[in-house]
Amino acid sequence: MSPATVTSSTRRAIPSVPVLSLAAFTGGRRAALPSLLDDADVRLVTSGRIAIGLALRALGVGPGDVVLVPAYHSPSMVPPAHWCGATVAFYRMRPDTAPDLADVEAKIAAGRVKAILATHFFGIPQDLAPLRALCDRHGIGLVEDCAHAFFGARDGVAVGSTGDYAIGSTMKFFPIYEGGCLVSRRHRLDVVLRGAGAGFEFKTALNTLEAAFAQGRLPALRLLLALPLRLKSALWTALKSRGRRGGGTRARAGAVVVGQQFRVRCTLGRQALVLVLARRAARRVAGADRRQPPAQLPGTAARAGRRPRLPAAVFPPARRRLSLDVPAAGRPARRRGGGPAARRRTDHALRRHPVGRRRRPSVPGQRRTGPAPDRPALPPGARRRRTRLAARAGAAGAGHLRGGAGMRTDGMGWTVVPARDFASHAGRWQRLHAAGPASPLLAADFVHTLLDVFGTGRELLAWHGRGDDTDAMTIVAPSRAGIWDTFQPAQAPVGLWLQRDTRPADAWLSGLLKALPGPALMVGLTQCDPMLMARPADAAQSGARSFDYIRTARITLQGGFDDYWNARGKNLRNNLKKQRNRLRQDGIATRLEILRAPHDMAGAVADYGRLETSGWKAAGGTAVAADNDQGRFYRTMLETLARRDAASVYRYWFDGPDGPRLAAMDLCVEGGGCIVILKTAYDEALGPQLSPALLMREDATRDLFDAARFERIEFYGRVMEWHTRWTDEIRTMYHLNGYRWPLLGRLHALAARRGTASDVSAAPPANPATATGS
């Protein structure tokens, strides 16, 4: 086809990027080539640029570091390094677009290189094995840029497999308006993404549809949405016109988006089409020569007022982002909103500023998150300029990746940080644990071990208070879109919520929801103990709603064991007495052993695992074993708590003619005036005529009464029939749901009355398999 015959309809039929059509919903053949997402930990964002920033942050790139970027590159590869405060250096490429390893080695020898970006140009997979070996030899991180190579392999090695991290541009391969991804086959991605809100999601969905309509796709849907889209376009045009009349500056052609701070958000639409990123403090670079002061690079001969000559490899946006020594004296003030320039002078020679774009003006009602950057000190006699450039100097290039990297504080006293930083805040947690209703299941070392073994990296730690004065703390994790629950692995019998007193917690939940990222609508406090936190009444002013979880039992250790035992039922006492007589007739003596030393815990957990794997739990795959997560958790937790005399293991032996035989075991934690029996196992091969766990329970309870170390025994499992024979003290644990608005609570209650509570509850149902003593 000659160029003269190319019509608008022809151009419309050949879009430059994938466009949404009905074919996107009808499926297709599986890709024959390896994918960037195969067998990798994946986080979906909205651009490869943001994925690069996340990868550099994961590699620990910070101020003073150097990031090597290919000299032939996309402009999107440089700003992420500046967001992290690093310097960019460019390495040469060979004619086949492979890295020039000699030049890379020379750049590394210059020092401070922290990461290298390598690109698969034009969709052709590169052989990155030599570069990988070079990075390993020098301890440097490698980031694969797979923006043009979402599928493919080289010598059997799939794209994205060689680097520590790899980034992709999904919008170039799939019909979505925006899209990028960060993947890793070598590391777990500890990245928390937040939703950008329903409004932003709706806008990007419309943009996706408009791009399809522009290519003649989905004609029926285009007719249905014609009027709403016209209204939207008219409104948008009016808003832009109003902004120009108010003194806004239009971007010139070719401007690129850069920024010093950005917040990662990812919102997946209900049709899984839209991936949204909300960036903070980023406006288009417009009139950069007008808005930035004359630059003078250290070591150059440029005079004030004249742009220095830079190497040709440094493209213009990189020049504007360099940290410059700018003479303060004699520099004219920049224009603001088109107003006249006023001459301002200072008496001292130099101030150091990172030259870049101004931050987006604050919007009324917009909540600022994260700590404010420190304002730099000025030389004596210098005056603060009426520009935000100086205010940014202290935080230049720091680039807080707001998707979970830093602290988020709301105006109501709630602070939210990634739970992977729990070790840094364990002292705060432990102080609150000591000040409020105590439970050994909420001690900092118990919680820390839970996070280390069962955490996924998506959990958040939140606390309410000011300074070191803390009223409440919790660890939450996302459950479903807009819904958060307290972090609740099966090995945690109670929800991870701490507060200073036992009053109901519903008063805190509304503020917590506002502090959580994304459109947080509901938060569920799971497995709450009324002894630690009073159960609120439903239909309270906050709109919180509680519902039953399980009934659990305890034994209060008051008086003597004989009084307690004589109050038990005659059947229980006679049954255990008969079993003991039978054992004596067989020449078997019972023996209770209590282990408390840290060095005994590993062997004790191994013995416990052998008991469980010989019983019914082995078939279900739920038995504790030395090489599974359960075994690692109980070993680490018991060793840690035993170092402060807060853990114990009860072993019950049958000493017979054939030698000692381990019959039953209890794994326990202690503290707060109670002992909690976490796990119980027994030798099922002893037959139905013996109850070794109940025999051990009688002897252990007698020992606890005699020792008088504790006030009560807690079981924290679902009440079984045998519990009712050992105690009459039974209480109901509960879940508590808090809502962003009371109306949501009322709607939830209405749905529950209609029998759909299981579909809308934030809290998980009780799982009988995790009950203590099972």
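## Burial and overall make-up

Of the 774 residues in the protein, 50% are buried (under 20% relative accessible area with a 1.4 Å probe, protein chains only). This is a predicted model, in which local features need pLDDT of at least 70, side-chain atom pairs count only at pLDDT 80 or more, and totals for chains, interfaces and linings use all residues. Residues are numbered from 1 along each chain as its sequence is written, and side-chain values use heavy atoms, with hydrogens and water left out.

The protein has 22 helices and 25 strands, taken as DSSP runs numbered from the N terminus (H or I of at least four residues for helices, E of at least two for strands). Among contacts (heavy atoms within 4.5 Å) with a separation of 6 or more, 71% join residues 24 or more positions apart.

Let's look inside. The largest nonpolar core holds 53 residues; such a core is a set of buried Ala, Val, Leu, Ile, Met, Phe, Trp, Tyr and Cys residues joined through side-chain atoms within 4.5 Å. F422, W429, L461, I475 and M637 have the most contacts inside this core. Leaving aside neighbours within four places in sequence, W429 touches residues including F422, L442, V447, L461, I475 and L498. A second, separate core has 31 residues, among them L572, A664, I675 and L695.

## Helices α12 and α18

Helix α12 (residues 444-454) and helix α18 (residues 629-642) have axes that come within 10 Å and cross at roughly 155 degrees. These axes are lines fitted to C-alpha atoms over the stretch in contact, with angles from 0 to 180 degrees between N-to-C directions. The two helices are therefore roughly antiparallel to each other, a label for angles over 145 degrees. On the α12 side, the contact is made by D445, F446, T449, L450, V453 and F454; on the α18 side, by D629, Q630, F633, T636, M637, T640 and L641.

## The buried side of α5

In helix α5 (residues 129-138), the buried residues are L131, R132, L134 and C135. They cover an arc of only 160 degrees around the axis, which puts them on the same side of α5; the arc is that of the directions from the helix axis to the C-beta atoms. These buried residues pack against α4 (101-109), β4 (113-119) and β5 (141-146). After α5 comes G139, with a positive phi near 65 degrees.

## A buried loop residue

I176 sits in the loop between β8 (165-168) and β9 (180-184). I176 is buried, with a relative accessible area of 14%. I176 and L20 are 156 residues apart in sequence, and their C-alpha atoms are 7.1 Å apart in space.

Technical notes:
Angles under 35 degrees count as roughly parallel, over 145 as roughly antiparallel, 65 to 115 as roughly perpendicular and the rest as oblique.
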